[in-house]
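I set out to look up how the parts of this chain are arranged. My entries follow in the order in which I made them.

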Amino acid sequence: MATFNIKVNGASRKVNVDEDTPMLWVLRDELDLVGTKFGCGIAQCGACTIHLNGTAVRSCQLPVAAVGDGEIKTIEGLSEKAEKAEHAVQQAWLEHDVPQCGYCQAGQIMNAASFLATNPNPSDEQIENAMNGNLCRCGTYTRIKAAIKTAASKMS
């Protein structure tokens with residue numbers, strides 16, 4: 001066990017875990033931030049997507065020791081107020097009624113938010129490529145793409 005000081009959603013947090021503990025489990029088990037979901041555990045489905053310094057990463061394969069001084073953002077920290085869906089992507093998700101079972105949606109939203117931060121006016125092909133690694137077992141891909149386009153128009 002080692003003690004790590006990490007910055008999560010704008011707050012400094014101290015955790016005492018093994019250095020190879022995936023951030024997914026640090027968030028869920030140590031910090032009680034359960035919005036990030038466990039999906040496949042091998043970084044293939046995207047359900048566990050969070051931001052590390054603004055870039056979408058798979059938390060199930062990110063050891064806490066690799067975070068260093070980086071800043072983690074989870075779905076709980078995407079909006080200024082955790083209880084409100086204020087981010088343009090979250091609002092577009094609601095507008096397009098994207099979720100069905102909802103399990104993958106936090107990871108989808110985090111990936112989309114990171115993508116739009118670096119590509120505010122994406123083409124359909126760019127959206128499809130960016131979101132290709134986030135799987136939705138309900139097949140809401142058409143609504144996801146529409147929501148991303150709406151969010152992009154509101155962010156620009």
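**Entry 1: Helix H2**

I began with helix H2 and noted that the cover over its buried residues includes H3 and helix H5 (141-155). I took helices (H or I, at least four residues) and strands (E, at least two) as DSSP runs, numbered from the N terminus. Contact means heavy atoms within 4.5 Å. Buried means under 20% relative accessible area, exposed means over 50%, and partly exposed lies in between (1.4 Å probe, protein chains only).

I recorded that this is a predicted model, in which local features need pLDDT of at least 70 and side-chain atom pairs count only at pLDDT 80 or more, while totals for chains, interfaces and linings use all residues. Residues are numbered from 1 along each chain as its sequence is written, and side-chain values use heavy atoms, with hydrogens and water left out.

The buried residues I found in H2 are Ala88, Val89, Gln90, Ala92 and Trp93. Just after H2, I noted a positive phi of about 50° at Asp97.

**Entry 2: The sheet**

In which order do the five strands of the open sheet stand? I read the order as E2-E1-E5-E3-E4, with mixed pairing. Strand E2 (11-17) and E4 are at the edges and have a single partner strand each, so one side of each is left without a neighbour in the sheet. From one strand to the next, the twist averages 45°. Two strands pair if DSSP finds at least two bridges between them. I reminded myself that strands of a sheet pair through backbone hydrogen bonds, either parallel or antiparallel.

**Entry 3: Strand E3 and its partners**

I then examined strand E3 (residues 49-52). With strand E4 (residues 55-58), E3 pairs in the antiparallel sense over four bridges. Along this pairing, Thr49 stands opposite Arg58, and Leu52 stands opposite Thr55. E3 and E4 form a hairpin with two residues between them, and Asn53 in the turn has a positive phi of about 55°.

On the E5 side, E3 is joined to strand E5 (residues 71-73) by two bridges, and the two run antiparallel. I noted Lys73 in E5 as the bridge partner of His51.

Are the residues on the two faces of E3 buried or exposed? Thr49 and His51 on one side, and Ile50 and Leu52 on the other, are all buried, which leaves both faces covered. In a regular strand the side chains alternate between the two faces of the sheet.

**Entry 4: Helices across the sheet**

Helix H1 (residues 23-30) lies across strand E1 (2-8), E2, E3 and E5, and runs at about 100° to E2. H3 lies across E3, E4 and E5, at about 35° to E3. For these angles, axes are lines fitted to C-alpha atoms, for helices over the stretch in contact, and angles run from 0 to 180 degrees between N-to-C directions.

**Entry 5: H3 against H4**

How do the axes of H3 and helix H4 (residues 124-131) cross? They come within 10 Å and cross at roughly 130°. That makes H3 oblique to H4; angles under 35 degrees count as roughly parallel, over 145 as roughly antiparallel, 65 to 115 as roughly perpendicular and the rest as oblique.

On the H3 side, I listed Gln108, Asn111, Ala112 and Phe115, which meet Gln126, Ile127, Ala130 and Met131 in H4. By class, this contact of H3 with H4 has five nonpolar, three polar and no charged residues. Ala, Val, Leu, Ile, Met, Phe, Trp, Tyr, Cys and Pro count as nonpolar, Asp, Glu, Lys and Arg as charged, and the others, Gly among them, as polar.

**Entry 6: Two glutamines**

I checked Gln108 in helix H3. Gln108 is buried, with a relative accessible area of 1%. Not counting residues up to four places away in sequence, Gln108 touches Trp93, Met131, Asn134, Leu135, Cys136 and Ile144.

I then turned to Gln126 in helix H4. Gln126 is partly exposed, with a relative accessible area of 35%. Beyond residues up to four places away in sequence, Gln126 touches Phe115, Asn119 and Asn121.

**Entry 7: Tyr103**

Last, I located Tyr103 in the loop between helix H2 (88-95) and helix H3 (105-118). Tyr103 counts as partly exposed, at 34% relative accessibility. Leaving aside neighbours within four places in sequence, I found Tyr103 in contact with Lys37, Phe38, Ala47 and Arg137.
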